[in-house]
Every structure is written in structure tokens, then in C-alpha cells.
Amino acid sequence: MFDKVLIANRGEIALRIQRACRAMGLQTIVIHSEIDRDARYVALADQALCIGPASASRTYLNAAAILLAAEVSGAQAIHPGYGFLSESAEFADQVAQAGLTFIGPPADCIRTMGDKVAAKRAMREAGVPCVPGPDSALPDDPVEVRATARQIGYPVIIKAAGGGGGRGMRVVRGEHELDDALTLTRSEAAQAFTNAAVYIEKFLEKPRHIEIQVLCDQHGNHLWLGERDCSLQRRNQKVVEEASAPGLDRALVERVGQRCVEACRRIGYRGAGTFEFLYQDGAFFFIEMNTRVQVEHPVTEMTTGLDIVKEQIRVARGEPLLISQADIACSGHAVEFRINAEDPATLAPSSGTVSRWDVPGGIGIRVDSHMAAGAIVPRHYDSLIGKLIAHGKTREEALARARIALSELRVDGVLTNVPLHQEILNDPTFRQGGYDIHYLERWITARATRI
Ligand code: ADP
């Protein structure tokens, strides 16, 4: 049991975790870089420790400095948030070795899910539907690889087992492209990732991105909290997310959710996690599991009424979940718009000092952000400065509320993608829902030719 939590992250998620800790009466320790020293959540923490300069590798990715900060501050647990060290099995091990609680799943689960081949095998064994293709790494023999590709049927995709962030994958449209793609992906995997293995699967041309949120404790309670549709993406980055996913067969979602829960039970999963799927032609295909809290968790909180971060912390404290699957009732619809500091026309990151930050409000509106007038948006980290979440009885009502909220949100000093969101809200395909993961890229290209 712990009552002092070190938050090993920054930005909106550092504030989000801090709020959950305060609601539970836990003390918070925030580590930060020099450039984040004046951030709102730093001032609100019970204790703050500057552990280095702006560079992420010397601060938020610096396990040794974070562990030292935990030791000197007397923290008993570490919440890694998302990104940075959140999916490092090694860091989870180090935290445990230091006698502290890692607020996340066991290191072994992170390790298995970090290897996409091992993850796929584990999922298939649990009956979770996967993308067609073998759940083993590709052999060295090119003749064997060719035979496998032919069996799957082109187009196929070659992926690094240890890949992440959309890197280390290549689409192959015919046999003539196979050898080159294989060589390139192999060398990329060997260089960029600790795991040099590559694997192959069917390339789906027009999938949607649907994911399932799970929450598990160590007392045998494994829950799934509904699905999210995160198909509006740009360069593999999610831009808008919603719960529930429009137009899906509820009985099918139910079956997949139960399979995810079964997979969690088999691997001994604990805490919050997300199963990511591609969905095409009425079928789900598992691609990976994220073993951490996600940026888009608020849409599920808005539809289920649960505080996912608080539950994550409760589970890490060894407490049982107080809800059962039968208690989970998703109500209404929620949409999240990621507010990025970027040029809405070129989409290039924008940094600087925010001179005005007027936050919208009203029924069904939630804004998760660490921003305020005078806040700095450093160029050193990702460009997410906040999230605007709208909830309504129906999708139409949620979108109508989002439209008003976005018009009230005023940010000066840095450029934001708010105008992009406003344009997207006027797009008939977006309003209808159910578009594929390439829709936004196509829409942006078409817009560029219109301008
Ligand atoms: P990462 O860990 O790098 O995010 P993922 O396995 O989640 O890797 O894949 C990232 C993205 O690549 C997916 O969201 C999807 O757009 C695309 N992708 C991956 N596998 C496939 C596939 N089999 N067919 C089509 N697109 C795919």
C-alpha cells in the first residue's frame, strides 16, 4: 500500500494523474525538466524535482534520474503515464527492484506485448481474431518467405516485431517488391529496435481503427469498458477519437470484448490496457496491445462514468475493482479532439509562450490540459497541449456541443489545429462516421489542392 506517488511524465497526463491522486488523498511528487519548471501541475504538486535540461533523454526518459528522484523524495510508487518510459519492461523491472510499485501491468506482460509476434501468438491462443499471417518471425530463407506471402495473398505488410510509432513496416503489393522490402525492414529493425525479428501479415486496404479498453485487478476481475473508434489519423497519429464506434454490430463487439478479457486472464494482465484492432468488412483483426493508459481514455470515462486513472492506481495498491462487468453501462456518446500546437495549414509544430488560454465549458464539455496564459509550449516534446472532450446523449448531440466548445476555445501565442477540427466537423463523411484510417490524409490532400 502506498500513499506517495511520483509522476514520471509531463503535460496534460501529468496533471490528469495528479488529479486522480489528489482525489484519492495521495501525495504527489512531480519530476520535470528545466523548461517545464513553471508548468501548472508542477506548482500544484506536493513536491517537485527538476531532474535535468529540456532534452527528454536526460529527463523523462532517464530511468536512473527518475529512480533517484523517487528515492530522495520518499515516493513509494511511480506512475509512468503514456509515452516516455510507460511501455519499458526494463523500467518496470527497475522500479520493482528499487522496492517501489510500478503503476501498470507486470513487466512480463509489457515484454510480451512489446514483441508483436509474441503478442499475436498470445492473442490467437486466447481466441482473439488476428490479421491473417503466421504468428512467428519470418525465416531467413527468401523462398520460404515468398511461399508464405503467396499463401496470405498480396498485398501484404512486413513489420518489425519490436516496431512502434508507425515505424518499421512496409507494404508489399506484389512478389517483385518482396525481397527489397524484406531487406529494408530487416536492416531498419536491427538498427532502430532492440528486436531484429520481422513478420508478415495481410495488408488491409481500408480498415477502421477500433480499440477495446480493459481494466484488470489481481483478484481475478477482468473487465472491458466498451470500444473506441480512432480512425481519424494523420501519419499514424490519432486526431479525433470517439466512444462508441458508429455503426458496429453490438453482438460482435461484445464477443471481441469477451475475448480480450479472456486474453487478459491468460497472460495475468493487471491495470489498464488497450487492445487495438483494424476493422474491415465486418471483422476485427488484432494488431497490438498498449499496456498503459492512453491519450484517448477520457471518451471511455465519459461514457462509462469510471475514472480509469483512479482505478489504475487502486489496482496497483492491490485493491480489488469494485465493479463487475454487469455494472458497466455505456451511456451516450463522447468525442475527443486533440488540441495540438501546430500550424493548421502546414501542420508543422508551433512552439512559444501561450498569451491567452480561454477554456470552453457547459454541459457535456471536459477539457484536459496543462495550459494557462503564460504557459510555455516547448519545441522539445510532442505538440499535444490539451484535449477537448464532448459528451451527449447521441453522437449528433456530442458533435453539436463540440462545435460550440471549439468556437469558444481561444488560444493566442501559439498556432493550434482548432481550425482543422472546425473544418472536419463540417465534413459530411466525418459527420456520418464510419470512415477508414486513410480518410483524413485523403481529406487533407484534397484540401491542399482546393487552397
Ligand atoms: P505501431 O506500434 O507502430 O503503432 P501498429 O501495429 O499499431 O504499429 O500499426 C500502426 C499502423 O499501421 C496501424 O494503425 C495501421 O494504420 C497500419 N497497419 C499495421 N498493420 C496493418 C495491416 N496489417 N494492414 C493495414 N494497415 C496496417
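In strand E19 (384–392), Lys 387 is the bridge partner of Arg 338, a residue of strand E14 (333–340). Eight bridges join E14 to E19, and the two run antiparallel; strands count as paired if DSSP finds at least two bridges between them. This is a predicted model, in which local features need pLDDT of at least 70 and side-chain atom pairs count only at pLDDT 80 or more, while totals for chains, interfaces and linings use all residues. Residues are numbered from 1 along each chain as its sequence is written, and side-chain values use heavy atoms, with hydrogens and water left out. Helices (H or I, at least four residues) and strands (E, at least two) are DSSP runs, numbered from the N terminus.

- Eight of the eight residues of E14 are buried (under 20% relative accessible area; exposed is over 50%, partly exposed in between; 1.4 Å probe, protein chains only), so E14 is largely enclosed by the rest of the structure.
- His 333, Val 335, Phe 337 and Ile 339 point one way from E14, whereas Ala 334, Glu 336, Arg 338 and Asn 340 point the other way.
- Strand E11 (237–243) is joined to E14 by four bridges and runs antiparallel to it; Glu 241 stands opposite Glu 336 in E14.

**Nonpolar cores**

- A nonpolar core is a set of buried Ala, Val, Leu, Ile, Met, Phe, Trp, Tyr and Cys residues joined through side-chain atoms within 4.5 Å.
- The largest such core has 35 residues, of which Leu 232, Phe 337 and Phe 430 touch the most other members.
- Elements giving two or more residues to this core include E11, E14, E19 and helix H12 (395–408); H12 gives the most, with five residues.
- Not counting residues up to four places away in sequence, Phe 430 is in contact (heavy atoms within 4.5 Å) with Leu 232, Val 240, Phe 337, Arg 395, Leu 399, Ile 424, Leu 425 and Tyr 435.
- Apart from this core lies another, of 29 residues, among them Met 113, Ala 122, Ile 212 and Ala 263.

**Helices H5 and H6**

- Helix H5 (residues 107–114) and helix H6 (residues 116–125) pack with their axes 5 Å apart, at an angle of about 100°; axes are lines fitted to C-alpha atoms, for helices over the stretch in contact, and angles run from 0 to 180 degrees between N-to-C directions.
- H5 is therefore roughly perpendicular to H6 (65 to 115 degrees; under 35 is roughly parallel, over 145 roughly antiparallel and the rest oblique).
- Thr 112, Met 113 and Gly 114 in H5 meet Lys 116, Ala 118, Ala 119 and Met 123 in H6.

**The three-stranded sheet**

- Three strands form an open sheet in the order E7-E6-E8, with antiparallel pairing.
- Strand E7 (169–172) and strand E8 (198–202) stand at the edges, each with a single partner strand, so one side of each lacks a neighbour in the sheet.
- Four bridges join strand E6 (residues 156–160) to E7, and Ile 157 stands opposite Val 171 in E7.
- H6 lies across E6, E7 and E8, running at about 50° to E8.

**Backbone features**

- The peptide bond from Tyr 154 to Pro 155 is cis, with omega near -5°; Pro 155 lies in the loop between helix H7 and E6.
- Another cis peptide bond joins Ala 243 and Ser 244, with omega about 0°.
- Arg 235 has a positive phi, near 50°, and is exposed, with a relative accessible area of 62%.
- Asp 281 also has a positive phi, of about 50°, and counts as exposed at 74% relative accessibility.
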